[in-house]
Amino acid sequence: MPSPAHESGFNAITLCFSSWVSYKPRMFAFAVQRTNYSYDLIRPSMPVSLSVPSEKLVDEAMYFGTVSGRNEDKLVTSNAGLTNGESVPVPRLSSAIAAIEGVVDQVHSTGDHILIVTRIRSLLAARSTEPPLVSVAQRTPGFEVLRRSGQHRLAVPTGSHEFW
Ligand SMILES: Cc1cc2nc3c(=O)[nH]c(=O)nc-3n(C[C@H](O)[C@H](O)[C@H](O)COP(=O)(O)O)c2cc1C
């Protein structure tokens with residue numbers, strides 16, 4: 001999301017609280033905790049870009065999810081490869097297997113988070129058969145945990161089954 005105070009112009013945050021919430025119009029929502037720098041950045045009609053990572057981006061996903069934009073310009077310090085957005089002036093991660101571009105439509109208060117509902121402008125998918133990284137609970141069968149930090153575990157599905 002845009003972050004005017006940063007040299008890169010943007011801040012990146014790792015999210016697991018997210019879901020489609022409407023087909024027509026196409027809408028996607030995610031929740032941001034009030035203590036996060038990203039919470040301070042959310043504005044009405046703001047353009048946002050959500051990149052879906054695979055295993056290749058596991059270090060970036062953990063970095064964006066454990067370091068705050070209050071202390072670092074994460075898109076500079078991580079050296080994450082970026083590609084310009086197609087329908088919004090916000091970059092996506094070049095190695096992402098999919099991306100959702102949209103603009104903030106509604107913001108709802110949900111306890112210690114806010115729920116940000118976006119109106120989708122573009123859905124982009126790479127030609128990839130890699131499974132997405134998922135955030136799992138302790139001892140989730142069928143997943144291999146690749147990185148752990150506190151309550152957060154990033155995992156991929158195990159076994160030979162086709163994910164897609
Ligand atoms: C796997 C994973 C999932 C996360 N999911 C969320 C989430 O859904 N919402 C949220 O506010 N923070 C979530 N976090 C924590 C934030 O990414 C983390 O607090 C981050 O440092 C906030 O960055 P910011 O201060 O630059 O906004 C998650 C972290 C990880 C590692």
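## Tyr63 and its surroundings

Tyr63 touches Lys74 and Ser78, leaving out residues up to four places away in sequence; a contact here is two C-beta atoms, placed from the backbone, within 7 Å. This is a predicted model, where local features need pLDDT of at least 70, side-chain atom pairs count only at pLDDT 80 or more, and totals for chains, interfaces and linings use all residues. Numbering starts from 1 along each chain as its sequence is written.

Tyr63 sits in helix H2 (residues 58-64). Helices (H or I, at least four residues) and strands (E, at least two) are DSSP runs, numbered from the N terminus. Tyr63 counts as partly exposed because it has 19 other C-beta atoms within 10 Å; the cut-offs are 20 or more for buried and 12 or fewer for exposed, with partly exposed in between and C-beta atoms placed from the backbone. Tyr63 and Ala12 are 51 residues apart in sequence, yet their C-alpha atoms are 9.5 Å apart in space.

## Ser94, out in a loop

Ser94 belongs to the loop between strand S5 (92-93) and strand S6 (98-110). With 13 other C-beta atoms within 10 Å, Ser94 is also partly exposed. Setting aside neighbours within four places in sequence, Ser94 has contacts with Gly81, Leu82 and Thr83. Pro25 is another story: 69 residues along the chain from Ser94, with 27 Å between the two C-alpha atoms.

## The sheet

Five strands make an open sheet in the order S1-S2-S7-S6-S3, with antiparallel pairing; strands pair if DSSP finds at least two bridges between them. Strand S1 (18-22) and strand S3 (47-52) are at the edges with a single partner strand each, so one side of each has no neighbour in the sheet. From one strand to the next, the twist averages 40°, using axes fitted as lines to C-alpha atoms (for helices, over the stretch in contact) and angles from 0 to 180 degrees between N-to-C directions.

S2 and strand S7 (residues 113-125) run antiparallel and are joined by seven bridges. Gln33 stands opposite His113 in S7.

## Around the ligand

There are 23 residues around the ligand, and Tyr37, Ser38, Gly65, Ser68 and Gly69 come nearest; to be near, a residue needs its C-beta atom, placed from the backbone, within 6 Å of the molecule or strand. Strand S2 (27-33), helix H1 (37-41) and strand S10 (152-157) each bring at least two residues to the shell. S2 has the largest share, three residues.

By type, the shell splits into 10 nonpolar, 12 polar and one charged. Nonpolar covers Ala, Val, Leu, Ile, Met, Phe, Trp, Tyr, Cys and Pro; charged covers Asp, Glu, Lys and Arg; the others, Gly among them, are polar.
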